[in-house]
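Please look through the structure shown here with the paragraphs below at hand.

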Amino acid sequence: MHLGEDIDVDDFVICDYRVTTDLPMADAANAIAAEQSTGTWTDLSTTTSKIVDRYGARVLSIDGDLIRIAFPNEDFSIDIGGVPQILSVIAGNLFGLESVSKLRLEDVTFSKEILSMYKGPKFGVDGLRDLLGRPEKPLVGTIVKPKIGLSPKETANYVYEAGAGGLTNSKDDETLSNQKFCPIEDRTVAVAEALDRLESEGHRMMHAINVSTNGDKIVELAEKVQSWGAKELMVDVITCGFAAVQALAEDPSIKVPIHVHRTMHGALTRDPLHGISMLPITKLVRMCGGDALHIGTLGVGKMSGNPKGDLANLNACLDPVGGYRTVMPVCSGGVYPGMIGRMVQISGKNVQVQAGGGVSGHPGGVRKGAMAMCQAIDAAFQDIPVTEYAKDHTELHEAIVKWGYK
Ligand code: CAP
Ligand code: MG
């Protein structure tokens, strides 16, 4: 049902919600629009028709369980407020309303006015490719595994071996911070030495150091990590918040790319009827300045997800929007060489494919695991079936024997 209101899309932020309710859908939609803008559960002596006309959210359409609501630009704070205030409008109290049993924010389209308040990535796809000297092929990386337990020297050795095997990227895992077994300063210095050694041998690589921490410390930590030699930072957007990504991206002292991990996103994204889908999260990360973002494995890896949804995330990283740079989409989670062909077929070449277990679980060790990943990327880039390419690439062959192919 289209409710027939003609609006100028430049004046509104438009959200799509999937709603489960016992009420007539129009009543539920109106309750949501009211709660998130000018209303509450009862009528008020303090509101006026002028307030409602100017600031009230409007239900634009109802199509089965999907409703579209438009929030006037003026409902959003000009500068102070940022993404926290945006989220409190489009994704706040509504999830807990008694009138709906489940509710999911599926998508959001920001107006030009709101987009113009955000700067987007400083590096993005092109910037990362320039820094790595890799203009065309997908980036190929690893997550140092085990997640925890390796010393700084062992971590640096892992990174060196991965680079010697040809990987362009590596990163800390999300639970690694500044534990006693691997202090962040020692780790950053040791990894920087490994990267310098690789560069002196003719291979450029970057490693993202995890700076996820409390809001009042994150920029300071990132500055320190940078001064210890980090070439990339990693931040967990759900646990630290969008504001943390933005603080890092917009601080003039931060001069390296930001890899955005999304640990805990499953609590929001997994239930198809409730929560927040990855698409709005992707759009907000791009506005806030993330340079690379985990988008799922297009239905082939270990984490739940589906090709259609992951592809929508990928497009939200790469489509022209807001005059922003693009974000490097990262496919990660249960990746191994034999699935890369399928993944790249879906994603196209502007993607970073990375594997933890799929590198260090290789029977020949990290270097050979890295070689197998690179061979799989080369096969995909040239559109050669992985089993064909494996015939004269031993490391890839060994990976396929261990994990198979898709
Ligand atoms: C991958 C990973 C990432 C996942 C998270 C892990 O390791 O480091 O955290 O990619 O999923 O610990 O699982 P493996 P997502 O390659 O060993 O699986 O990117 O979907 O958020
Ligand atoms: Mg991880």
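Val 260 has Leu 293 of strand 11 as its bridge partner, and strand 11 (residues 292-294) runs parallel to strand 9, to which two bridges join it. Strands here, like helices, are DSSP runs numbered from the N terminus, a strand being E with at least two residues and a helix H or I with at least four, and two strands are said to pair if DSSP finds at least two bridges between them. This is a predicted model, in which local features need pLDDT of at least 70 and side-chain atom pairs count only at pLDDT 80 or more, whereas totals for chains, interfaces and linings use all residues. Residues are numbered from 1 along each chain as its sequence is written, chains are lettered from A and ligands numbered from 1 in the order in which they are written, and side-chain values use heavy atoms, with hydrogens and water left out.

Strand 9 also pairs with strand 8 (residues 232-236), in the parallel sense and over four bridges, and here Leu 233 stands opposite Ile 258. Both faces of strand 9 (residues 258-261) are covered, since Ile 258 and Val 260 on one side are buried, as are His 259 and His 261 on the other; buried means under 20% relative accessible area, exposed over 50%, and partly exposed in between, with a 1.4 Å probe and protein chains only.

These strands belong to a barrel into which eight strands close in the order 5-6-7-8-9-11-12-13, with parallel pairing. Neighbouring strands of this sheet are turned by 25 degrees against each other on average, direction ignored, where axes are lines fitted to C-alpha atoms, for helices over the stretch in contact, and angles run from 0 to 180 degrees between N-to-C directions.

Asp 173 is buried at 2% relative accessibility, and Glu 174 is buried at 18%.

The structure holds zero disulfides, a disulfide being a pair of cysteine sulfur atoms within 2.5 Å. The sulfur of Cys 15 is too far for a bond, because the closest cysteine sulfur, in Cys 288, is 15 Å away.
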